[in-house]
Amino acid sequence: MYIASRTLQTIAWSTLAVSAAHAQYVIDNLSFGHKEGVYISPDLRAIPHFDVQGIDDFKPQILSDRVILTPPYPGSKRGALWAIDPMHHGGDWTAELDFRATGMERGGGNLQLWYVKESQAHDKPNSLYTAPKFDGLVLVVDQYEGHGGSVRGFLNDGTKDFKSHPDPDQLAFGKCDHAYRNRGHLSTIKLHHANGLLEVTVDGESCFKTDKVKLPQDYYFGVSAASAENPDSFEVHKFIVSTTNSHTREEPNRQRFPDARNQQHQQPVQNQPHQESAQQQHAQQQNSPPKKMASSQQIPAWIQDVLASNVKTDNDRFEDLHNRIQDVAHHVAAVYTAIESLNEMAEHRHNELMSRLAPIDDRTAHNVRLSEKTDSTAQQILRDLESKDYKELIGALHRRLEDNHKDIPNVVKTVVQQHGLSWMSLLAIAFAVQVMVVGAYLVYKKRRGGAPKKYL
């Protein structure tokens, strides 16, 4: 079978167009945790482009690869993350949230994914049941109806007050069951908004969708969590907002040097073969991967010394000065490349060390919490023992026993008097016994006298 070149070209362009249409571009200022090998927080104190909030004296803990919105202990805590910048796109976009919830067997709490008109970055963290009136969408993850977990969607145009509503759970427009607690791996919720379609997927499976909801642009994303008295610990590992339009992606400025400086370093010098080789080596150093350590062969050799008597004309002096300044620039660039490689290697080792220390820190914090809980329980038992006076109870018991011992003779006498026999009854019984004995003796004598006599 023969296929024309124009047909192959058409197929290639169609394939390229389809792949470009399905490409996803991450919006960096609305996302975190999407870059491999990069901490979500440079200083483990704040997340770029996000506000991290807690309630009272509690603040969510920021680790290298996650944010703990509510701790395993104690309970009744709240934490939230709010994007500083709004979503400047109203077309096709996707918001992806990776989280994990762990806790005791009867633990409780909820997690919310917000897309609202007014940011709550300067308010206390709220859940659906404590939030003021809002305009937008919220996805709630909790143990609704005791089915082990569910994901529900709520809409508000700013007129409904969920906090004072008698039954806000009935206002959900979509719902699906999802057992999210103590799974041992992350749960992924995706909110996809396309032309006239809103769909929520959980772990790659469709949860609910509708074509009657259209979310406007310039709204704010937020993630909040609240724990019960028996707490669930909610951890957010990744939040990614992406679109299918490349112009909405914000790329960081990765250019370290101006083009004029690079061109100045790479200008060829006539009649100087050594300078050309040095420039080639310098270009190889800049084009090499940043994580590769600069070797001694990559550093260009110094220009050989020249006697001053051999440099006679001004043109020769200028060329010699130019060559030596350019040689110094090449060596400075090589040293900079070596320092940058060492810095990246140190940062890589630091990241690896922090990734190994993070589980140890979690276990240490858990052991500290258990120790504090044990100490508080022991102190409570000690206070209970010291607050009660057992001497009075023991003295009362002794007095009661002494009273009982004193009352025993009187009790026996009373029982004998009430249930014992009288003197007349005793005399009658004695007389009856004697009569019976005499009668028995007379009968015995009579039978003895009437019996046949035996002679020897």
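The chain folds into six helices and 15 strands, both taken as DSSP runs numbered from the N terminus (H or I over at least four residues for helices, E over at least two for strands). This is a predicted model, in which local features need pLDDT of at least 70 and side-chain atom pairs count only at pLDDT 80 or more, while totals for chains, interfaces and linings use all residues. Residues are numbered from 1 along each chain as its sequence is written, and side-chain values use heavy atoms, with hydrogens and water left out.

Of the 456 residues in the chain, 32% are buried; buried here stands for under 20% relative accessible area, exposed for over 50%, and partly exposed for anything in between (1.4 Å probe, protein chains only).

Next comes helix α4. Helix α4 runs over residues 314–387, 74 residues in total, and spans 102 Å from its first C-alpha to its last, close to the 110 Å expected at 1.5 Å a residue. That expected span is 1.5 Å times one less than the number of residues in the helix. Helix α4 has a kink of about 25 degrees at L357, shortly before the proline P359; the bend at a residue is the angle between axes fitted to the seven residues ending there and the seven starting there.

With a disulfide taken as a pair of cysteine sulfur atoms within 2.5 Å, the count comes to one. The bond links C176 and C207, with an S to S distance of 1.9 Å, and is left-handed at -105 degrees about the S-S bond. C176 sits in strand β10 (residues 174–177) and C207 in strand β13 (residues 205–210), so the pair ties together parts that are 31 residues apart in sequence. Both C176 and C207 are buried.

Strand β7 (residues 109–116) holds Q112, which counts as buried at 0% relative accessibility. The side chain of Q112 makes a polar contact of 3.4 Å with that of N110. Such a contact is a pair of N or O atoms within 3.5 Å; within protein, one must be able to donate a hydrogen and the other to accept it, and residues adjacent in sequence count only if both atoms are side-chain atoms. Setting aside neighbours within four places in sequence, Q112 touches a list of residues that includes N126, L128, V138, V140, G222 and A225.

In the loop between β4 (67–68) and β5 (78–83) lies P74, and the peptide bond from Y73 to P74 is cis, with omega near 0 degrees. S76 is found in the loop between β4 and β5 and has a positive phi, near 60 degrees, in a residue other than glycine. H49, in the loop between β1 (25–26) and β2 (50–54), also has a positive phi, near 70 degrees, and is partly exposed with a relative accessible area of 41%. K212, in the loop between β13 and β14 (220–227), is exposed at 77%. K212 and L197 lie 15 residues apart in sequence and 7.3 Å apart in space, C-alpha to C-alpha.

How values were computed. Contact means heavy atoms within 4.5 Å.
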